[in-house]
Amino acid sequence: MRDETDGDALHSSIHPPLPKLQVLNEAHRCLYCYDAPCTKACPTHIDVPAFIRKIATGNLLGSARVIMEANPVGASCARVCPTENLCEGACVLAPDEAPIHIGDLQRYATDWAREHDVQLFTPGPDSGRHVAVVGGGPAGLAAARELRRFGHAVTLFETKPKLGGLDTYGIVPFRLPMEAALWEAEQVINMGVNVRTDTVVGLDISADAIVSEFDAVVLACGMGYVPELGIPGEDLSGVWDAIEFIERAKTGETVSVPGRVAVIGAGNTAIDAATCARRLGAEEVVIYYRRTDREMTAYPSEYEFAKKEGVEFRWRCLPVRILGGGGRVQGIEFVTTDLVREADGRQQVRPIPGSEFMVAVDVVIRAIGQSRRTALLKAFGVAHTGGVVKTDGTRTNLSKVFAAGDCTFAKGGREAMVVEAAEQGKQAAREVHAFLCGQGKGGM
């Protein structure tokens, strides 16, 4: 597997690590604020002044422990978190001078731990309880890690061959190398977690069997692939699901992106797919979005990065049908939209009659969000709304079933960031632990 310094455009990091001298300069710039607004701004509440002070004093092992204690996927988050909106945005130095490069310092410490192959945490004394975690992404790994620290046995079920979820498979390698995500997974596995990869719940093992065999269950199943656009022509060769497209490119499969590429959607996954296509050699990549840049959900920094990579944007364009010949994509028809505010205040997208236009393209990548795992939730009997699990904290309607991560995030609601999923995984583990202690069996 390639690393971040590889000359290959797909694997060469867009943000190279800081050299040691600059790391130390940044660490010594920190004011070590007693009220630490940066820590408060972090969803996992990493003690930022503590980990930076340890870097300044040369204690990189201690620094990595502080980071990973709070955030079990801290190596990934150092690369993919929108730090300008979180810790760095809250830095007291931000208004007057550049904020501390907190993300870079976090990356430096966790990279040191990864390169030196250190095991940061150990399991707690055996509790005699066994918990199932369904899903090996950030929320599932965080839950499994915390449950082992409480001393509970954990079996983690994952459909993919490797753990890490979207960190491993769904974020482009020039932003997040697979090695960083797999190291985080190894930190959890090495604590004695029983891992069952290539296991589909509902096919290889039933939901009922899991509920009956384990003392508690954490659903951290995330979401699925990108749903279809629902327009004619989606069965043509050259139409891609953005997540599958990124996954194939990241795992080294051959992905053909000849000529002109149209990406439908304007979230962070759309940006990833578009920039990935550019780095794979596409001559022209255009993102089409039915609303305007004011409504796009991609982070501003990602938007600016895409433009620097040569990605173009077209607003108020709704796809109507995909055109083809010989079974392959040849073009796509759009209609121009208007944004109309309804009486209830919601903004609706309305096609403008007679505004249809054609664009010649060779590849269409749909990036309009992710499908929900409603069949899995139904199999467990968990209450949900359109595939979004209903929770009180992380508790579901079933006494021994808890849920965390993307499967609990409603569209347009709480931000489905990696760091948020990790925090929810920790919270689920705490609530499971309290539940198991409250049962009183085994004298916790």
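I take a pocket, on a 1 Å grid over the protein atoms alone, to be an open set of points where a 1.4 Å probe fits, with protein on both sides within 12 Å along at least five of seven lines; lining residues have an atom within 4 Å of a point.

**Basis.** I worked on a predicted model, in which local features need pLDDT of at least 70 and side-chain atom pairs count only at pLDDT 80 or more, while totals for chains, interfaces and linings use all residues. Residues are numbered from 1 along each chain as its sequence is written, and side-chain values use heavy atoms, with hydrogens and water left out.

**Second largest pocket.** I looked up its volume, the space filled by probe spheres set on the points, which are joined across faces, edges and corners; about 660 Å³ lies in this pocket. I found 23 lining residues, with His15, Arg79, Cys81, Thr83 and Glu84 nearest the centre. Helices H5 (74-80), H6 (87-90), H7 (102-115) and H14 (300-308) each give two or more residues to the lining. Helices (H or I, at least four residues) and strands (E, at least two) are DSSP runs, numbered from the N terminus.

**Serine 13.** I located this residue in the segment before helix H1 (20-29). Serine 13 is buried, at 12% relative accessible area; buried means under 20%, with a 1.4 Å probe and protein chains only. Its side chain reaches the backbone nitrogen of histidine 15 at 3.0 Å.

**Arginine 175.** I found this residue in the loop between H9 and H10.

**Helix H12.** I noted that seven of the nine residues of H12 (242-250) are buried, among them Phe245, Glu247 and Lys250. The buried residues pack against helices H9 (166-169), H10 (178-189) and H13 (268-279), and against strands E5 (239-241) and E13 (363-366). At the start of H12, a side-chain oxygen of aspartate 241 comes within 2.7 Å of the backbone nitrogen of isoleucine 243. Glycine 252, with a positive phi near 90 degrees, follows H12.

Conventions:
Buried < 20%, exposed > 50% of the residue type's maximum accessible area, 1.4 Å probe, protein only. Contact = heavy atoms within 4.5 Å. Polar contact = N/O pair within 3.5 Å; in protein donor to acceptor, adjacent residues only side chain to side chain.
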